Amino acid sequence: MPEFFNFSAGPAVMPVTVLAQAQQEFLNWNGSGFSMLETPFTGDAYKKIHNHVRDNLRLLLNIPDNYHILFMHGGASAQFSLVPLNLLGRAGRADYVETGYWSCKTMREARRYCNVNVAASSCATGFDRMPEAWHLDSSAAYCHITSNETANGVQFFDIPDTGDLPLVADMTSDFLSRPIGVQRYGVIYAGAQKNIGPTGLTIVIVRDDLLGRAHPATPAVFNYKNQAEAGSMLNTPLTFSIYLTGLVLRWITDMGGVVAMAKNSAQRSAQLYQVIDASKGFYQCSVQPAHRSCMNVCFTLANDALTPLFLSLAAEEGLLNLKGHPMAGGIRASIYNAMPNAGVIALISFMQHFADMHWHHV
Ligand SMILES: Cc1ncc(COP(=O)(O)O)c(C=O)c1O
(Lines give C-alpha, C1' and ligand atoms only; values in the text may rest on other atoms or scores of the structure.)
Protein backbone atom coordinates (compact mmCIF):
# COMPACT_ATOMS: atom_id res chain seq x y z
CA MET A 1 0.00 0.00 0.00
CA PRO A 2 1.58 3.35 -0.94
CA GLU A 3 2.02 5.97 1.77
CA PHE A 4 0.63 8.69 -0.43
CA PHE A 5 -1.89 9.09 -3.21
CA ASN A 6 -1.17 11.22 -6.24
CA PHE A 7 -4.25 13.12 -7.49
CA SER A 8 -2.26 15.01 -10.12
CA ALA A 9 -4.03 15.91 -13.37
CA GLY A 10 -0.93 14.88 -15.32
CA PRO A 11 1.67 13.54 -15.47
CA ALA A 12 -0.42 11.31 -13.29
CA VAL A 13 -0.39 8.22 -11.15
CA MET A 14 0.83 5.04 -12.88
CA PRO A 15 -0.02 1.47 -11.85
CA VAL A 16 2.59 0.54 -9.28
CA THR A 17 3.02 -2.93 -10.79
CA VAL A 18 3.91 -1.32 -14.13
CA LEU A 19 6.56 0.86 -12.50
CA ALA A 20 7.94 -2.14 -10.65
CA GLN A 21 8.18 -4.21 -13.83
CA ALA A 22 9.86 -1.36 -15.70
CA GLN A 23 12.32 -1.03 -12.84
CA GLN A 24 13.03 -4.74 -12.85
CA GLU A 25 13.66 -4.75 -16.60
CA PHE A 26 15.44 -1.41 -16.72
CA LEU A 27 19.05 -2.60 -16.92
CA ASN A 28 18.44 -5.79 -18.84
CA TRP A 29 15.45 -5.63 -21.12
CA ASN A 30 14.11 -8.82 -22.63
CA GLY A 31 17.30 -10.67 -21.79
CA SER A 32 19.27 -8.41 -24.15
CA GLY A 33 21.84 -7.39 -21.53
CA PHE A 34 21.10 -3.70 -22.04
CA SER A 35 18.32 -1.26 -21.34
CA MET A 36 15.19 -0.73 -23.37
CA LEU A 37 16.38 2.89 -23.63
CA GLU A 38 19.41 1.68 -25.60
CA THR A 39 17.48 -0.57 -27.98
CA PRO A 40 17.55 0.47 -31.66
CA PHE A 41 14.11 1.07 -33.11
CA THR A 42 15.10 -0.51 -36.38
CA GLY A 43 15.79 -3.89 -34.79
CA ASP A 44 13.33 -6.78 -34.63
CA ALA A 45 13.18 -6.76 -30.83
CA TYR A 46 11.82 -3.21 -30.73
CA LYS A 47 9.56 -3.65 -33.76
CA LYS A 48 7.93 -6.62 -32.08
CA ILE A 49 7.05 -4.53 -29.02
CA HIS A 50 5.92 -1.56 -31.14
CA ASN A 51 3.51 -3.65 -33.20
CA HIS A 52 2.32 -5.57 -30.18
CA VAL A 53 1.39 -2.36 -28.33
CA ARG A 54 -0.48 -1.09 -31.39
CA ASP A 55 -2.35 -4.39 -31.80
CA ASN A 56 -3.23 -4.55 -28.11
CA LEU A 57 -4.65 -1.06 -28.24
CA ARG A 58 -6.76 -2.07 -31.22
CA LEU A 59 -8.11 -5.01 -29.24
CA LEU A 60 -8.72 -3.04 -26.02
CA LEU A 61 -10.71 -0.29 -27.75
CA ASN A 62 -12.17 -2.45 -30.50
CA ILE A 63 -10.67 -0.20 -33.17
CA PRO A 64 -11.90 -1.17 -36.65
CA ASP A 65 -9.40 -2.11 -39.38
CA ASN A 66 -10.07 1.04 -41.40
CA TYR A 67 -8.46 3.13 -38.65
CA HIS A 68 -4.73 3.67 -38.28
CA ILE A 69 -3.11 3.90 -34.86
CA LEU A 70 -0.21 6.36 -34.81
CA PHE A 71 2.36 6.94 -32.10
CA MET A 72 3.37 10.58 -32.42
CA HIS A 73 5.60 13.08 -30.61
CA GLY A 74 4.70 16.52 -29.35
CA GLY A 75 1.93 15.97 -26.83
CA ALA A 76 -1.74 16.68 -27.38
CA SER A 77 -0.99 20.38 -27.87
CA ALA A 78 0.87 19.62 -31.10
CA GLN A 79 -2.36 18.06 -32.37
CA PHE A 80 -4.13 21.40 -31.91
CA SER A 81 -2.18 22.44 -35.04
CA LEU A 82 -1.76 19.04 -36.65
CA VAL A 83 -5.49 18.37 -36.86
CA PRO A 84 -6.15 21.45 -39.07
CA LEU A 85 -2.90 20.91 -41.00
CA ASN A 86 -3.84 17.31 -41.79
CA LEU A 87 -7.60 17.56 -42.22
CA LEU A 88 -8.56 20.92 -43.67
CA GLY A 89 -7.73 20.02 -47.26
CA ARG A 90 -9.30 22.68 -49.43
CA ALA A 91 -11.81 23.70 -46.78
CA GLY A 92 -11.10 26.92 -44.98
CA ARG A 93 -13.44 26.25 -42.09
CA ALA A 94 -13.86 23.90 -39.19
CA ASP A 95 -16.41 23.49 -36.40
CA TYR A 96 -15.28 23.61 -32.78
CA VAL A 97 -17.30 22.91 -29.65
CA GLU A 98 -16.26 25.21 -26.82
CA THR A 99 -16.57 23.52 -23.45
CA GLY A 100 -13.74 24.78 -21.23
CA TYR A 101 -10.08 25.63 -20.85
CA TRP A 102 -8.64 23.01 -23.23
CA SER A 103 -11.15 23.44 -26.06
CA CYS A 104 -10.55 27.22 -25.89
CA LYS A 105 -6.83 26.60 -26.27
CA THR A 106 -7.46 24.24 -29.17
CA MET A 107 -9.59 26.85 -30.92
CA ARG A 108 -7.02 29.60 -30.42
CA GLU A 109 -4.45 27.44 -32.20
CA ALA A 110 -6.86 26.40 -34.97
CA ARG A 111 -7.59 30.07 -35.78
CA ARG A 112 -4.02 30.28 -37.10
CA TYR A 113 -5.01 27.87 -39.88
CA CYS A 114 -8.71 28.35 -40.62
CA ASN A 115 -11.95 30.07 -39.82
CA VAL A 116 -13.33 28.56 -36.66
CA ASN A 117 -17.08 28.18 -36.40
CA VAL A 118 -18.07 27.87 -32.75
CA ALA A 119 -20.65 25.15 -33.34
CA ALA A 120 -21.70 25.07 -29.70
CA SER A 121 -20.52 26.67 -26.49
CA SER A 122 -21.16 26.51 -22.76
CA CYS A 123 -19.10 29.65 -22.11
CA ALA A 124 -22.20 31.67 -21.17
CA THR A 125 -22.95 29.32 -18.27
CA GLY A 126 -19.35 29.20 -17.04
CA PHE A 127 -18.58 25.83 -18.68
CA ASP A 128 -20.85 24.05 -16.22
CA ARG A 129 -22.23 21.58 -18.81
CA MET A 130 -21.79 20.22 -22.29
CA PRO A 131 -23.77 22.34 -24.76
CA GLU A 132 -26.80 20.70 -26.30
CA ALA A 133 -27.68 22.77 -29.37
CA TRP A 134 -25.02 22.39 -32.06
CA HIS A 135 -24.98 24.48 -35.23
CA LEU A 136 -22.68 22.73 -37.65
CA ASP A 137 -21.27 24.55 -40.67
CA SER A 138 -21.99 22.67 -43.89
CA SER A 139 -18.66 23.80 -45.38
CA ALA A 140 -16.55 22.73 -42.39
CA ALA A 141 -13.84 20.11 -42.82
CA TYR A 142 -14.47 18.53 -39.42
CA CYS A 143 -15.99 19.13 -35.99
CA HIS A 144 -13.68 19.15 -32.97
CA ILE A 145 -14.65 18.32 -29.40
CA THR A 146 -12.77 17.85 -26.14
CA SER A 147 -14.34 14.76 -24.61
CA ASN A 148 -13.24 15.59 -21.07
CA GLU A 149 -12.30 19.08 -19.93
CA THR A 150 -9.49 18.36 -17.47
CA ALA A 151 -9.46 21.82 -15.88
CA ASN A 152 -13.23 22.33 -15.62
CA GLY A 153 -14.33 18.81 -14.69
CA VAL A 154 -16.90 18.48 -17.48
CA GLN A 155 -17.23 15.34 -19.59
CA PHE A 156 -19.23 14.31 -22.65
CA PHE A 157 -21.46 11.30 -22.07
CA ASP A 158 -23.66 11.85 -25.12
CA ILE A 159 -22.29 13.24 -28.33
CA PRO A 160 -24.66 14.49 -31.03
CA ASP A 161 -24.43 12.84 -34.44
CA THR A 162 -22.35 14.94 -36.85
CA GLY A 163 -23.48 12.94 -39.89
CA ASP A 164 -20.87 12.92 -42.64
CA LEU A 165 -18.82 15.61 -40.95
CA PRO A 166 -15.75 13.90 -39.45
CA LEU A 167 -15.80 14.16 -35.67
CA VAL A 168 -12.39 14.85 -34.12
CA ALA A 169 -11.94 14.34 -30.38
CA ASP A 170 -9.23 15.36 -27.97
CA MET A 171 -9.55 12.46 -25.51
CA THR A 172 -6.38 13.24 -23.60
CA SER A 173 -7.92 13.02 -20.16
CA ASP A 174 -10.45 10.22 -20.59
CA PHE A 175 -8.77 7.94 -23.11
CA LEU A 176 -8.84 4.27 -21.98
CA SER A 177 -11.26 5.14 -19.17
CA ARG A 178 -14.29 3.78 -21.02
CA PRO A 179 -15.27 2.04 -24.25
CA ILE A 180 -15.43 4.34 -27.29
CA GLY A 181 -17.55 3.78 -30.37
CA VAL A 182 -14.51 4.50 -32.54
CA GLN A 183 -16.50 4.36 -35.78
CA ARG A 184 -18.30 7.55 -34.74
CA TYR A 185 -15.03 9.48 -35.04
CA GLY A 186 -12.76 10.59 -37.86
CA VAL A 187 -9.80 11.26 -35.59
CA ILE A 188 -9.19 10.60 -31.90
CA TYR A 189 -6.05 11.87 -30.21
CA ALA A 190 -4.74 11.68 -26.68
CA GLY A 191 -1.62 12.78 -24.88
CA ALA A 192 -0.39 9.85 -22.83
CA GLN A 193 0.30 11.42 -19.45
CA LYS A 194 -3.07 10.65 -17.82
CA ASN A 195 -4.37 7.11 -18.36
CA ILE A 196 -1.64 5.82 -20.65
CA GLY A 197 1.47 6.83 -18.78
CA PRO A 198 4.52 8.56 -20.18
CA THR A 199 4.48 12.23 -21.13
CA GLY A 200 5.23 13.25 -24.70
CA LEU A 201 3.75 10.26 -26.49
CA THR A 202 0.53 11.08 -28.30
CA ILE A 203 -1.77 8.44 -29.67
CA VAL A 204 -3.66 9.35 -32.83
CA ILE A 205 -6.38 7.13 -34.26
CA VAL A 206 -7.30 8.24 -37.77
CA ARG A 207 -9.81 6.90 -40.26
CA ASP A 208 -8.35 5.70 -43.53
CA ASP A 209 -10.26 8.05 -45.84
CA LEU A 210 -8.99 11.13 -43.97
CA LEU A 211 -5.37 10.49 -44.90
CA GLY A 212 -3.81 12.36 -47.79
CA ARG A 213 -5.38 15.78 -47.19
CA ALA A 214 -2.43 17.39 -45.42
CA HIS A 215 -1.33 20.91 -46.25
CA PRO A 216 1.91 20.72 -48.30
CA ALA A 217 3.75 22.65 -45.58
CA THR A 218 2.96 20.00 -42.93
CA PRO A 219 6.25 18.67 -41.55
CA ALA A 220 6.77 15.14 -42.88
CA VAL A 221 6.94 13.57 -39.42
CA PHE A 222 3.65 15.22 -38.49
CA ASN A 223 1.83 14.10 -41.62
CA TYR A 224 -0.69 11.41 -40.61
CA LYS A 225 -0.43 9.64 -43.98
CA ASN A 226 3.37 9.46 -43.88
CA GLN A 227 3.36 8.11 -40.35
CA ALA A 228 0.57 5.62 -41.13
CA GLU A 229 2.56 4.30 -44.08
CA ALA A 230 5.74 4.13 -42.01
CA GLY A 231 4.03 2.38 -39.07
CA SER A 232 4.87 5.43 -36.89
CA MET A 233 8.58 4.86 -37.55
CA LEU A 234 9.25 7.67 -39.99
CA ASN A 235 11.62 9.03 -37.40
CA THR A 236 12.78 7.59 -34.09
CA PRO A 237 9.64 6.68 -32.17
CA LEU A 238 9.30 7.28 -28.42
CA THR A 239 10.55 3.75 -27.80
CA PHE A 240 10.64 3.74 -24.00
CA SER A 241 7.25 5.46 -23.74
CA ILE A 242 5.71 2.97 -26.16
CA TYR A 243 7.18 0.09 -24.16
CA LEU A 244 5.72 1.56 -20.94
CA THR A 245 2.38 2.05 -22.69
CA GLY A 246 2.45 -1.64 -23.53
CA LEU A 247 2.81 -2.46 -19.84
CA VAL A 248 -0.11 -0.16 -18.96
CA LEU A 249 -2.31 -1.72 -21.66
CA ARG A 250 -1.57 -5.16 -20.26
CA TRP A 251 -2.46 -3.91 -16.77
CA ILE A 252 -5.79 -2.55 -18.05
CA THR A 253 -6.53 -5.87 -19.76
CA ASP A 254 -5.71 -7.78 -16.58
CA MET A 255 -8.02 -5.48 -14.60
CA GLY A 256 -10.97 -6.26 -16.89
CA GLY A 257 -10.44 -3.84 -19.79
CA VAL A 258 -12.06 -0.49 -20.43
CA VAL A 259 -15.50 -1.71 -19.32
CA ALA A 260 -14.09 -2.35 -15.85
CA MET A 261 -12.26 1.00 -15.91
CA ALA A 262 -15.54 2.79 -16.75
CA LYS A 263 -17.47 1.03 -14.00
CA ASN A 264 -14.83 1.83 -11.43
CA SER A 265 -14.42 5.48 -12.36
CA ALA A 266 -18.20 6.04 -12.45
CA GLN A 267 -18.53 4.58 -8.95
CA ARG A 268 -15.57 6.43 -7.47
CA SER A 269 -16.47 9.80 -8.92
CA ALA A 270 -20.10 9.36 -7.80
CA GLN A 271 -18.88 8.76 -4.25
CA LEU A 272 -16.83 11.97 -4.31
CA TYR A 273 -19.66 14.05 -5.80
CA GLN A 274 -21.96 12.64 -3.14
CA VAL A 275 -19.69 13.92 -0.38
CA ILE A 276 -19.67 17.34 -2.05
CA ASP A 277 -23.45 17.44 -2.46
CA ALA A 278 -24.07 16.19 1.08
CA SER A 279 -21.79 18.83 2.63
CA LYS A 280 -24.59 21.43 2.95
CA GLY A 281 -22.68 23.85 0.77
CA PHE A 282 -19.31 23.49 2.49
CA TYR A 283 -18.00 22.00 -0.77
CA GLN A 284 -19.47 23.15 -4.06
CA CYS A 285 -19.28 21.71 -7.55
CA SER A 286 -20.58 24.11 -10.17
CA VAL A 287 -20.85 21.46 -12.88
CA GLN A 288 -24.36 20.17 -13.63
CA PRO A 289 -24.70 16.62 -12.22
CA ALA A 290 -25.29 14.98 -15.62
CA HIS A 291 -22.06 16.43 -17.04
CA ARG A 292 -19.64 15.90 -14.15
CA SER A 293 -16.37 14.29 -15.11
CA CYS A 294 -15.56 10.78 -13.92
CA MET A 295 -11.85 11.62 -14.25
CA ASN A 296 -11.35 15.12 -12.77
CA VAL A 297 -13.57 15.94 -9.82
CA CYS A 298 -13.39 19.73 -9.48
CA PHE A 299 -14.89 21.64 -6.56
CA THR A 300 -14.47 24.72 -4.44
CA LEU A 301 -14.86 25.47 -0.74
CA ALA A 302 -17.64 27.91 0.18
CA ASN A 303 -15.00 29.78 2.17
CA ASP A 304 -12.14 30.00 -0.33
CA ALA A 305 -9.81 31.25 2.43
CA LEU A 306 -9.81 27.65 3.73
CA THR A 307 -8.47 26.23 0.45
CA PRO A 308 -4.74 26.56 1.34
CA LEU A 309 -5.40 24.88 4.70
CA PHE A 310 -7.34 22.08 2.98
CA LEU A 311 -4.43 21.51 0.60
CA SER A 312 -1.71 21.56 3.24
CA LEU A 313 -3.59 19.27 5.67
CA ALA A 314 -4.43 16.91 2.80
CA ALA A 315 -0.75 16.78 1.83
CA GLU A 316 0.15 15.93 5.43
CA GLU A 317 -2.22 12.97 5.12
CA GLY A 318 -0.46 11.89 1.91
CA LEU A 319 -3.21 13.20 -0.41
CA LEU A 320 -1.08 15.03 -2.97
CA ASN A 321 -1.53 17.40 -5.91
CA LEU A 322 -5.14 18.32 -5.19
CA LYS A 323 -4.79 21.97 -6.18
CA GLY A 324 -7.25 23.01 -8.89
CA HIS A 325 -6.11 24.19 -12.29
CA PRO A 326 -4.79 27.79 -11.98
CA MET A 327 -7.62 29.03 -14.20
CA ALA A 328 -10.34 27.32 -12.14
CA GLY A 329 -8.90 27.54 -8.62
CA GLY A 330 -10.31 25.39 -5.83
CA ILE A 331 -9.62 21.68 -5.64
CA ARG A 332 -9.27 19.06 -8.34
CA ALA A 333 -9.09 15.36 -7.58
CA SER A 334 -7.94 13.54 -10.69
CA ILE A 335 -8.89 9.91 -10.31
CA TYR A 336 -7.47 8.27 -13.40
CA ASN A 337 -7.47 4.49 -13.91
CA ALA A 338 -4.37 3.86 -11.81
CA MET A 339 -5.64 5.67 -8.69
CA PRO A 340 -6.12 2.94 -6.09
CA ASN A 341 -9.62 2.75 -4.53
CA ALA A 342 -7.91 3.30 -1.18
CA GLY A 343 -6.90 6.78 -2.38
CA VAL A 344 -10.51 7.75 -3.05
CA ILE A 345 -11.62 6.33 0.30
CA ALA A 346 -8.86 8.27 2.08
CA LEU A 347 -9.84 11.48 0.30
CA ILE A 348 -13.52 11.04 1.18
CA SER A 349 -12.66 10.50 4.82
CA PHE A 350 -10.38 13.56 4.81
CA MET A 351 -13.03 15.76 3.17
CA GLN A 352 -15.69 14.75 5.67
CA HIS A 353 -13.39 15.31 8.61
CA PHE A 354 -12.21 18.68 7.27
CA ALA A 355 -15.81 19.84 6.77
CA ASP A 356 -16.74 18.74 10.31
CA MET A 357 -13.81 20.68 11.75
CA HIS A 358 -14.34 23.87 9.77
CA TRP A 359 -18.06 24.16 9.00
CA HIS A 360 -18.37 27.12 11.41
CA HIS A 361 -15.98 29.15 9.17
CA VAL A 362 -18.41 29.08 6.24
C1 LIG B 1 -7.80 17.75 -22.55
C2 LIG B 1 -6.37 18.10 -22.74
N3 LIG B 1 -5.93 18.39 -23.98
C4 LIG B 1 -4.65 18.73 -24.20
C5 LIG B 1 -3.73 18.78 -23.18
C6 LIG B 1 -2.32 19.17 -23.49
O7 LIG B 1 -1.51 18.05 -23.44
P8 LIG B 1 0.06 18.16 -23.68
O9 LIG B 1 0.63 18.79 -22.48
O10 LIG B 1 0.44 16.71 -23.86
O11 LIG B 1 0.29 18.95 -24.90
C12 LIG B 1 -4.14 18.47 -21.89
C13 LIG B 1 -3.16 18.51 -20.77
O14 LIG B 1 -3.48 18.38 -19.63
C15 LIG B 1 -5.49 18.13 -21.66
O16 LIG B 1 -5.92 17.85 -20.43
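Q: What is the area buried between domain 1 and domain 2?
A: In this predicted model, the area buried between domain 1 and domain 2 is about 2,100 Å², and carbon and sulfur atoms give 59% of that; buried area is the accessible area (1.4 Å probe) that two parts lose on being put together, summed over both.

Q: Which three residues supply more of the domain 1 share than any other three?
A: Those are Asp128, Ala151 and Gly153, which supply 21% of the area that domain 1 buries against domain 2.

Q: And what are the domain bounds?
A: The domain assignment gives 16-254 for domain 1 and 257-361 for domain 2, and such bounds come from an automatic or database domain assignment.

Q: What about the polar side, how many salt bridges and polar contacts are there between domain 1 and domain 2?
A: The count of salt bridges (a side-chain nitrogen of Lys or Arg within 4 Å of a carboxyl oxygen of Asp or Glu) is 0, whereas 12 residue pairs, both at pLDDT 80 or more, are in polar contact, meaning a pair of N or O atoms within 3.5 Å, where within protein one must be able to donate a hydrogen and the other to accept it, and residues adjacent in sequence count only if both atoms are side-chain atoms.

Q: How far apart are the centres of domain 1 and domain 2?
A: Taken over C-alpha atoms, the centres are separated by 27 Å, and the contact (heavy atoms within 4.5 Å) takes 25 residues from domain 1 and 25 residues from domain 2.

How values were computed. Residues numbered from 1 in each chain as written. Predicted model: local features only at pLDDT ≥ 70, side-chain atom pairs only at ≥ 80, totals over all residues. Heavy atoms only, no water.
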